[in-house]
Amino acid sequence: MKRNRSMPGRRRQAGQSMVEYFVVASFAILVLIQGGNSSPVQQVVQAIKQAYAGFTYALSFATNLNLL
């Protein structure tokens with residue numbers, strides 16, 4: 001039975017691509033987090049806070065309404 005000798009090379013390539021993916025993903029996360037108040041992550045958090053504040057404000061009026 002003949003063995004496929006190309007398998008170890010494929011495993012190394014798969015390991016290398018995993019390392020490359022990790023490096024690129026780490027860099028992308030660092031770019032998104034850094035930037036103080038103007039970072040994209042901070043802007044999303046601020047938008048969620050504002051939306052929740054508006055939701056709770058509207059909800060406070062909804063309890064005082066009586067439906068026919």
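**Walking through the model**

Modeller: The protein has two helices and zero strands. Helices (H or I, at least four residues) and strands (E, at least two) are DSSP runs, numbered from the N terminus. This is a predicted model: local features need pLDDT of at least 70, side-chain atom pairs need 80 or more, and totals for chains, interfaces and linings use all residues. Residues are numbered from 1 along each chain as its sequence is written, and side-chain values use heavy atoms, without hydrogens or water.

Colleague: What share of the 68 residues is buried?

Modeller: Buried residues make up 1%. Buried means under 20% relative accessible area, exposed over 50%, partly exposed in between (1.4 Å probe, protein chains only).

Colleague: Where does S39 sit?

Modeller: S39 is in the loop between α1 (7-33) and α2 (40-62).

Colleague: Buried or exposed?

Modeller: S39 has a relative accessible area of 3%, so it counts as buried.

Colleague: What does S39 touch?

Modeller: Leaving out residues up to four places away in sequence, S39 touches L32, I33 and Q34. Contact means heavy atoms within 4.5 Å.

Colleague: New topic. How many aromatic pairs are there?

Modeller: A search of the whole structure finds one. The ring centres of Y52 and F55 are 6.4 Å apart and the planes are at 40°, so the pair is tilted. Rings of Phe, Tyr and Trp (its six-membered ring) pair if their centres lie within 6.5 Å; planes under 30 degrees apart are stacked, over 60 edge-to-face, the rest tilted.

Colleague: Where do Y52 and F55 lie?

Modeller: Both are in helix α2, three residues apart, about one turn of the helix. Y52 is exposed because its relative accessibility is 56%. F55, at 48%, is partly exposed.
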